[in-house]
Amino acid sequence: MDRLDAMHMFVRVVETSSFTKVAHEFATTQPTVTKQIAAMEARLKVRLLNRNTRGVSLTEAGALYYEKCKAIVNDVAEADKVVQVRQTQVQGQLRIGSSVAFGRRVLIPLALEFMAHNPQVQVDLSFEDRYTDLVANGIDVALRLGKLADSSLGARTLGVNPWVLVASPTYLRKRGTPRRPSDLKEHATLIYSSVQGNDIWRLRNASGEPVSVAVTGRLRSNNLSALLAASRSHMGIAALPRYVAHDSLEAGRVVEVLKTCRLPEQEIHAVYPSPRLVPQKVQSFIAFLQGRFDAEWWETLPRGA
């Protein structure tokens, strides 16, 4: 038995004046309680309790020790209570991570809505396009796109992130509209280096067969907004997440290319440091996200996000 448990046992012996009652409280035997108090007195080299047939009473040293032990036991109980309450209530700081584009266009409006529903939560948003160690960076939950590597992280699948090929009408009038994936070889392409770093675009054609096309282009970037801007400026064909291209598609600034073909979709996951003892604020945020990435979810995003 550790020292804190022994202190708690001593406090309860004083308060109940009964070794037997305390043994019942601690699910042990009366001789065990007696031995713990005797061991405490031996370690302190002082008698704490006077024992007689009518019960127990405190010695002068015991009375001083009792007050200190009682304060310690109460402080520990209060500390436990504070943590348990925070574990079961939606409150405190919630640190959320995401990639830059997804964070700016998708996560920000969702986080603001979550905060409006949970006024006791303070949100800290962290956007990085590089891999982020959740534990080392103190991230409570992160939204990640693509297949997850095997790890000790907890994870919940939220939906999928579809991609599309887009180009401006002006570009297509000048260079022609590709009719099949192999036509992309003859076009200027705008390459997202974080995903298409090897200059190979992989699609499924109208028959569902996988097709790989080697592409070339004057611009590559790890920033999706840069590629969208270049596409709108008639510089070529870009592969973009639909949520990035949606407003420009709606406005007619770009149009979808090779509509009958499909680019690979990315899974959207909420990941958190451990699947065990997940804080209530994290559970609540993930529950809030459930259903937000159903079919055509990008159409519900605020305009110009």
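**The domains**

Keep in mind that this is a predicted model.

**Where domain 2 meets domain 3**

Nine residues from domain 2 and nine residues from domain 3 take part in the contact. Put together, the two domains bury about 790 Å² between them, and 55% of that is on carbon and sulfur atoms. On the domain 2 side, the residues that lose the most area to domain 3 are Arg105, Gln266 and Trp297, which together make up 52% of what that side buries.

What about salt bridges and polar contacts across the interface of domain 2 and domain 3? The rule finds zero salt bridges there, while four residue pairs are in polar contact, with both residues at pLDDT 80 or more. Helix α5 (residues 100-117) is the top contributor to the side of domain 2 that touches domain 3, giving five residues. By type, the residues on that side of domain 2 come out as four nonpolar, one polar and four charged.

**Two residues up close**

| Residue | Helix | Relative accessibility | C-alpha separation |
|---|---|---|---|
| Ala63 | α4 (residues 60-88) | 31% | 9.2 Å to Val14 |
| Thr32 | α3 (residues 30-44) | 28% | 80 Å to Val255 |

Is Ala63 buried, partly exposed or exposed? Buried would need a value under 20% and exposed one over 50%, so Ala63, at 31% relative accessibility, counts as partly exposed. Thr32 is also judged on its relative accessibility, and because that value is 28%, Thr32 counts as partly exposed.

Ala63 and Val14 are 49 residues apart in the chain, and their C-alpha atoms are separated by 9.2 Å. For Thr32 and Val255, the gap along the chain is 223 residues and the C-alpha atoms are separated by 80 Å.

Which residue does the side chain of Thr32 make a polar contact with? The partner is the side chain of Thr29, at 2.7 Å.

Technical notes: Residues numbered from 1 in each chain as written. Predicted model: local features only at pLDDT ≥ 70, side-chain atom pairs only at ≥ 80, totals over all residues. Heavy atoms only, no water. Contact = heavy atoms within 4.5 Å. Buried area = accessible area lost by both parts, 1.4 Å probe. Salt bridge = Lys/Arg side-chain N within 4 Å of Asp/Glu carboxyl O. Polar contact = N/O pair within 3.5 Å; in protein donor to acceptor, adjacent residues only side chain to side chain. Helix = DSSP H or I, 4+ residues; strand = E, 2+ residues; numbered from the N terminus. Nonpolar A, V, L, I, M, F, W, Y, C, P; charged D, E, K, R; others polar. Buried < 20%, exposed > 50% of the residue type's maximum accessible area, 1.4 Å probe, protein only.
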